Amino acid sequence: MKREQTDVLIVGAGPAGLAAAVELKKLGAGKVTVVDREPEAGGTPRLCHHVGFGIRDLHRVYAGPQYARRNVAQAAASGAIIRPATTITGWGNGRTLTYSSPDGLGEIKAQAILLATGVRERPRTARLVPGKRVQGVFTTGSLQRFVDQYQLPVGHRAVIVGAELVSLSAFMTLKKAGLDVAMMTTELPQHQIYFPYVPMKWLTMDLLNRVPVRPLSRVTRIFGRKRVEGVEIRRLDTGEVETAACDAVVFTGDWIPEYEMARSGELTLDGGTRGPQVDGQFRTSRTGVFAAGNLLHGAETADMCALEGRSAAQSIHDFLQNGRWPAASLPIQCAAPIQWAAPNRVTAGEKAGELAFYVGEFRQNALVEVRQGGKVLYGQRYGRLRPNHVMRLRGDWAAGIDFGGAPLEIGLAR
Ligand SMILES: Cc1cc2nc3c(=O)[nH]c(=O)nc-3n(C[C@H](O)[C@H](O)[C@H](O)COP(=O)(O)OP(=O)(O)OC[C@H]3O[C@@H](n4cnc5c(N)ncnc54)[C@H](O)[C@@H]3O)c2cc1C
């Protein structure tokens, strides 16, 4: 087994990991190594052959593969070492990670580690949808591999499960592959597609208007013996059942963090995000181990993950300089309909940045509060809260915390 050393080891060469690498090299962090299990670096955007990437980090609009190539080129030019086809398989002692690559097995010892392993969509099996294991069932990610990477046929008529931003990406991929989209289904009362960028709205709204969205509906069965032949859809409010003929079903969104590394490293996981708990400086519960990007919150857009990677780089650099790690921090809990918050811990004596959160229900004119032991510390009013859309608390929400007191809670005003 090969034994290597680096100053910073970054697991995941997506927007968060690559942006962190560039920033670390700028800060003079020494040897920075980025590994990715995929044969090419770049992360999820490599497979998203549509525009909508790079606005807030690079101030330009890129298609996914172009954005991924630019990030990889920039990281390589910065002097970071990028190692694709290298899967991190587990933890050795302290901050040593084991890997498997075409050159064999090895371990890399680092002074600091950044986990930037992203998220995946919950597949059909995990959503407990009955029916035979037939051909024609995809997630958006696997659909894009079939269509864009391997140019394989995917069918003629599709049903999309989900009606959020990533469902729109699935929709565009299906249209490009020449399929009819029979419908989108959502368990919520209306779709949650929003357009972070106006050009995206121009490009897709007209097509999208022609696709029926079935609200308050769940796909409860997939029919077919070898290939999908149709789906059963149940209305959650009336119990009414309908069937739709199709030969492809795409399960979109419903994100699960790629938390295996975090779990096997015994990092404290957050009950809301299901990723590792972090404080505002991206520090996990294990000394010298940081986390950034969608691993912390499924799912943000790529530019926000890249900006987060840059911020995490500064924290990592500080740790390399002073070796300081906070002894304690307060967890942030969520009260329904708030599903998760990130960061999900606060460390005493540090400036708290923005707090991102997700809600599970549509709400109008809602007051979101940060509370501690029943005392309201901060409130921010929102004209509209929308599920599957990252909302943010932007003000000084962490002022007045008693660090010897109860955990914090984020919830709607009672
Ligand atoms: C279908 C789809 C469409 C999207 N469209 C847009 C859009 O239009 N605009 C936009 O801004 N964003 C879009 N996004 C979101 C965007 O892709 C993500 O925000 C972004 O990729 C997250 O970056 P990340 O670095 O956190 O994770 P990722 O890009 O997912 O990168 C994580 C990397 O970690 C690697 N990895 C995981 N585990 C290991 C391991 N054990 N060892 C080694 N490597 C590992 C993975 O191979 C992966 O490359 C879309 C996402 C999807 C799925």
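Which strands does α5 lie across? Keep that in mind while you work through this predicted model, stop by stop.

**Stop 1: the ligand**

The surrounding shell holds 37 residues, and the closest are Gly14, Gly43, Gly52, Gly118 and Gly293. Next, colour the elements that give two or more residues to this shell: α1 (15-26), β3 (51-53), β6 (87-91), α4 (140-149), α5 (165-176) and α8 (302-322). Sorted by type, the shell has 15 nonpolar, 16 polar and six charged residues. Now colour by domain. Domain 1 (2-120 + 255-325) and domain 2 (123-251) each supply at least three residues to the shell.

**Stop 2: the parallel sheet**

Select β10, β17, β11, β12 and β13. These five strands form an open sheet in the order β10-β17-β11-β12-β13, and their pairing is parallel. At the edges stand β10 (137-139) and β13 (213-214); each has a single partner strand, so one side of each is left without a neighbour in the sheet.

Zoom in on β13 and its partner, β12 (residues 180-185). The two pair in the parallel sense over two bridges. To find a bridge, select Met184, whose partner in β13 is Val213.

Select α5 to settle the opening question: α5 lies across β11 (157-161), β12 and β17, and runs at about 170 degrees to β11. Then select α4, which lies across β10 and β17 (248-251) at about 105 degrees to β10. Both α4 and α5 are also among the elements that give residues to the ligand shell.

**Stop 3: the mixed sheet**

Select β22, β20, β27, β24 and β25. Here, too, five strands form an open sheet, in the order β22-β20-β27-β24-β25, but the pairing is mixed. The edge strands are β22 (345-347) and β25 (375-385); each has a single partner, so one side of each lacks a neighbour in the sheet. Neighbouring strands of this sheet are turned by 20 degrees against each other on average, direction ignored.

For an antiparallel pair, select β24 (residues 363-372) and β27 (residues 408-412), which are joined over five bridges. Gln372 stands opposite Leu408 in β27.

Strands of a sheet pair through backbone hydrogen bonds, in either the parallel or the antiparallel sense.

**Stop 4: backbone exceptions in loops**

Most residues other than glycine have a negative phi, and most peptide bonds are trans. The next selections depart from that pattern.

Start with the loop between β5 (81-83) and β6, where Ala85 is found. Phi of Ala85 is near 55 degrees, a positive value in a residue other than glycine. Is Ala85 buried or partly exposed? Ala85 is partly exposed, because 15 other C-beta atoms lie within 10 Å.

Move to Leu128, in the loop between β9 (119-121) and β10. Phi of Leu128 is also positive, near 60 degrees. Leu128 is exposed, because 7 other C-beta atoms lie within 10 Å, and 12 or fewer count as exposed.

Two cis peptide bonds complete the stop. Select Gly298 and Ala299: the bond from Gly298 to Ala299 is cis, with omega near -5 degrees. Ala299 sits in the loop between β19 (289-291) and α8. Finally, select Ala336 and Pro337, where the peptide bond is cis with omega near 10 degrees. Pro337 is in the loop between β20 (329-334) and β21 (338-342).

Note on methods. Residues are numbered from 1 along each chain as its sequence is written. This is a predicted model: local features need pLDDT of at least 70, side-chain atom pairs count only at pLDDT 80 or more; totals for chains, interfaces and linings use all residues. A residue is near a molecule or strand if its C-beta atom, placed from the backbone, lies within 6 Å of it. Helices (H or I, at least four residues) and strands (E, at least two) are DSSP runs, numbered from the N terminus. Ala, Val, Leu, Ile, Met, Phe, Trp, Tyr, Cys and Pro count as nonpolar, Asp, Glu, Lys and Arg as charged, and the others, Gly among them, as polar. Domain bounds come from an automatic or database domain assignment. Two strands pair if DSSP finds at least two bridges between them. Two residues are in contact if their C-beta atoms, placed from the backbone, lie within 7 Å. Axes are lines fitted to C-alpha atoms, for helices over the stretch in contact, and angles run from 0 to 180 degrees between N-to-C directions. A residue is buried if 20 or more other C-beta atoms lie within 10 Å of its own, exposed if 12 or fewer, and partly exposed in between; C-beta atoms are placed from the backbone.
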